[in-house]
Amino acid sequence: MTKVRLTQVRSKNGATKKQIANLQSLGLRRINHSVELELNPVSQGMINKVLHLIKVEELSK
């Protein structure tokens, strides 16, 4: 599986409750906070819903 680094770059203020829940599920807590995740269909769906709030970087193997 591919690993990705997610970084929150925009505030969750003004986001819907579902978008805030997706950020929490991805493990993002605040602006400039980063997490590394395995990319699977579930996490890909959550990432797509909050793509305007985060930056996604693919990590090399």
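Visitor: Which residues does Ser43 touch, not counting residues up to four places away in sequence?

Guide: In this predicted model, Ser43 touches Leu26 and Glu38 once residues up to four places away are set aside. Ser43 is found in helix 2.

Visitor: Is Ser43 buried or exposed?

Guide: The reading rests on a cut-off: a residue is buried under 20% relative accessible area and exposed over 50%. Ser43 has a relative accessible area of 6%, so Ser43 is buried.

Visitor: In which element is Ile47 found, and which residues is Ile47 in contact with beyond its neighbours within four places in sequence?

Guide: Ile47 is found in helix 2. Leaving aside those neighbours, Ile47 is in contact with Val4, Leu6, Leu26, Leu39, Ile54 and Val56. The relative accessibility of Ile47 is 3%, and Ile47 therefore counts as buried. For a distance in space, consider Gln19: Ile47 and Gln19 are 28 residues apart in sequence, and their C-alpha atoms are 9.7 Å apart.

Visitor: Which residues is Leu28 in contact with, leaving aside its neighbours within four places in sequence?

Guide: Leu28 is in contact with Leu6, Gln8, Leu23, His33, Ser34, Val35 and Ile54 on that count.

Visitor: What pattern does the chain follow along the sequence?

Guide: The chain has 2 helices and 3 strands, and their order along the sequence is β-α-β-α-β. As for contacts with a separation of 6 or more, 71% join residues 24 or more positions apart.

Visitor: What radius of gyration does the chain have, and what would a compact globule have?

Guide: A compact globule of 61 residues would have a radius of gyration near 10 Å; the chain has 11 Å, which agrees. The C-alpha trace spans about 35 × 20 × 15 Å along its principal axes. Of the 61 residues, 30% count as buried. The accessible surface comes to about 4,300 Å², and carbon and sulfur atoms hold 50% of this area.

Visitor: How far apart are the mean positions of the positive and negative charges?

Guide: The chain has 11 positive and 4 negative charges, and their mean positions are 13 Å apart.

Visitor: How does one read a backbone angle?

Guide: Most residues other than glycine have a negative phi. In this chain, phi of Asn32 is near 70°, a positive value. Asn32 lies in the loop between helix 1 and strand 2 (34-38). With 62% relative accessibility, Asn32 counts as exposed.

Visitor: Where is Ser60 found, and is Ser60 buried or exposed?

Guide: Ser60 is found in the segment after strand 3 (54-58). The relative accessible area of Ser60 is 73%, so Ser60 is exposed. Ser60 and Gly14 are 46 residues apart along the chain, and their C-alpha atoms are separated by 34 Å.

Methods: Residues numbered from 1 in each chain as written. Predicted model: local features only at pLDDT ≥ 70, side-chain atom pairs only at ≥ 80, totals over all residues. Heavy atoms only, no water. Contact = heavy atoms within 4.5 Å. Helix = DSSP H or I, 4+ residues; strand = E, 2+ residues; numbered from the N terminus. Rg over C-alpha atoms; globule rule 2.2 N^0.38 Å. Buried < 20%, exposed > 50% of the residue type's maximum accessible area, 1.4 Å probe, protein only. Areas by Shrake-Rupley, 256 points an atom, 1.4 Å probe, with all protein chains shown as cover. Lys, Arg positive; Asp, Glu negative; His and termini not counted. Charge placed at Lys NZ, Arg CZ, Asp CG, Glu CD.
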